[in-house]
There are 2 protein chains.
Amino acid sequence: MQIEGYSIDLEKVAQTIKKKGYKTVAIQIPEGLKRYVLKIVEFLEYETHATMIVSADPCFGACDIVNNKLKNLDVEFVIHVGHTPIPEIENYCIPTTFVNALSTKDITKAVEKSLSFLEGKRIGIVTTAQHLHSLDVAENILQKNNFKPILTTGDARISTKGQILGCDFSAGMNIIDKVDCFLFIGSGTFHPVGLLLSSKKPVIAADPYTNSVKKQEIDELKDIILRQRYGAIANSKNASKFGILVGLKRGQQRMDLAYRVRKTFDAFNKKSLIIALDNFSPISLQGFSNIDCFVSIACPRIAIDDYLQYKIPIITSIELEIVLGKRKWEDYRFDQILG
Amino acid sequence: MQIEGYSIDLEKVAQTIKKKGYKTVAIQIPEGLKRYVLKIVEFLEYETHATMIVSADPCFGACDIVNNKLKNLDVEFVIHVGHTPIPEIENYCIPTTFVNALSTKDITKAVEKSLSFLEGKRIGIVTTAQHLHSLDVAENILQKNNFKPILTTGDARISTKGQILGCDFSAGMNIIDKVDCFLFIGSGTFHPVGLLLSSKKPVIAADPYTNSVKKQEIDELKDIILRQRYGAIANSKNASKFGILVGLKRGQQRMDLAYRVRKTFDAFNKKSLIIALDNFSPISLQGFSNIDCFVSIACPRIAIDDYLQYKIPIITSIELEIVLGKRKWEDYRFDQILG
């Protein structure tokens, strides 16, 4: 099915539902596609006669599957739209299929425009789920223009060559010594800035939706983020009571890390509390009014992206090491959830 | 343990944890007590040597248990503070204990002050979890002053005589023909207004925290709510695309009702979508920009209390009957989740 610039293979999903005889099916869909979900549900209900239930809790990635909660509604099958699976996650308690929303935008213009921004000849290519099927187009353009495109697979959380997540840049980091710069294909700034912070190699972002290319903006955003992180670290130096924030979403749970952080606090004679949370928001945390600093073990975007929403500092576990004097600011690293 | 005007029997919980040898225990606590949770966790960890994990997602009642989500963190036992269990809910996937937070406030003054507000002689007494242990005080005061106090048990969702929930006034409704008015003991206005809307009998609210008695304020709030509900119903009359909101919280799931509502829409030739949601907020629903009206099957407070936060009308299934001409406005009823 074609929906607003995306191709979503719902026909195949409908066949699966019919073949398996599922009667109650849930669908999980990213924010931007929610306004088309009525059309999608109409199509699937007409084709399969199954009852469709739309899961409406915000969904930011394949880390964020809802199986457990939907089980009580007799849901037999979950359709997760817009993300590729995280191979590391197993044991779904309801069978789940991942249906990518493939952008129908031609990336040619954006990639061609990016050529004059590239630094060096060895170019690492990375992208998000929506453009994975177009990576050969980028490779061809680079080769024709005498660049050497380099693509690789990521770690156990990455399903496809060249793909990065907001919390996992391993498909870039694995080739860091072989490339002169990275070409990111996609929209938004979080992925290229995260890759820049992680790799410290130049990142050029080519946006196929606007046919614009960003390099300076990514560099500037990196500087802004680093200034904010420096401030958050400084503001945490005198904290004595810490909350360790653990994400309940399947792909964000890092309990081993939470326990390690807790032991560190014990060793430093600081009070700490393990706080588990499904949906992070300032409202969910405002009750903990006697906590001086939160250390987020969940999605790195909570500390980095949402920083200004919170009244007290939220830092990552890497930033905590700087707070406690175990790491130097010069060795700052972006917090990835790696597989 | 005594905490800010509440007695919480954590000593007994500590004994249970030690006896059973639990190593990882989660604690779920209402918003107002979150700032004391560090103290509670310190006590329990010192007494039991178990690791405590605080569940921080907002918790509005015993309908809202988190077992499923915490299972992946190897939690063996859940302590749910501040609410009494809903007996109807069974099959917790992690053993759960409910520890009430009993108000240490003496209710005498508030009840004595309420006497001059009471109408008739037969007085139905109702309260919330925090004051259940003080109901005999209220009974005695009423008897000494020549009133006839009447208390009864509720339906399968109510664990204790005289208790009402924000969504279940059965302990009042069961004696509606035997009483002249109701005396509500507790703070807040939602419970007494809900009882007033449900029973249409006078409700006098005696607040032990402020020693104030409210009757006129409750009546006025009822009128405000009815005007808002009338407006929401009027604004839904021309809707053609409906979202049926189902709560994922264990004690708020009413799938049978959701399916009945859906069939009604089919019969009236209106488009509808079943939308399942754990945490309701305007942000979670803003993506559904082509839906004209939401029918909430979940907690009745979502439609009634949070009405002004949403841009498009949210109505209850009873209000939908008025929208569709199946019920008269004169027969308006508050939406309860009954057992």
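Colleague: Is B:Phe334 buried or exposed?

Modeller: This is a predicted model, and in it B:Phe334 has a relative accessible area of 2%, which means that the residue counts as buried, since the cut-off for that is under 20%.

Colleague: And which aromatic residue pairs with B:Phe334?

Modeller: One of its partners is B:Phe190, and the two rings sit edge-to-face, with 5.9 Å from centre to centre and 65° between the planes. B:Phe190 belongs to helix 7 (residues 190-199) of chain B, whereas B:Phe334 is in the segment after helix 12, so this pair ties together parts that lie 144 residues apart in sequence. B:Phe190 is itself buried, at a relative accessible area of 8%.

Colleague: How many aromatic pairs are there over all chains?

Modeller: Over all chains the structure holds 14 aromatic pairs. Among them is B:Phe169 with B:Phe334, again edge-to-face, at 5.4 Å centre to centre and with 65° between the planes. Here B:Phe169 comes from the loop between strand 9 (148-150) and helix 6 (170-173) of chain B, and B:Phe334 from the segment after helix 12 (317-323), so the contact joins parts 165 residues apart in sequence. B:Phe169 is buried too, its relative accessible area being 0%.

Colleague: What do A:Phe169, A:Phe190 and A:Phe334 form?

Modeller: In chain A, those three phenylalanines form one aromatic cluster.

Colleague: Switching topic, where does B:Ser272 lie, and what does B:Ser272 touch?

Modeller: B:Ser272 is part of strand 14 of chain B, which covers residues 271-277. Leaving aside residues up to four places away in sequence, B:Ser272 touches A:Leu38 from chain A, together with B:Phe242, B:Ile244, B:Arg262 and B:Phe265 from chain B. Its relative accessibility is 5%, so B:Ser272 counts as buried.

Colleague: Now chain A as a whole: how many helices and strands?

Modeller: Chain A has 12 helices and 16 strands. Its radius of gyration is 21 Å, close to the 20 Å that the globule rule gives for 339 residues, so chain A is as compact as a globular protein of that length. The C-alpha trace spans about 60 × 55 × 30 Å along its principal axes.

Terms used
Residues numbered from 1 in each chain as written. Chains lettered and ligands numbered in written order. Predicted model: local features only at pLDDT ≥ 70, side-chain atom pairs only at ≥ 80, totals over all residues. Heavy atoms only, no water. Helix = DSSP H or I, 4+ residues; strand = E, 2+ residues; numbered from the N terminus. Buried < 20%, exposed > 50% of the residue type's maximum accessible area, 1.4 Å probe, protein only. Contact = heavy atoms within 4.5 Å. Rg over C-alpha atoms; globule rule 2.2 N^0.38 Å. Phe/Tyr/Trp six-rings, centres within 6.5 Å; stacked < 30°, edge-to-face > 60°.
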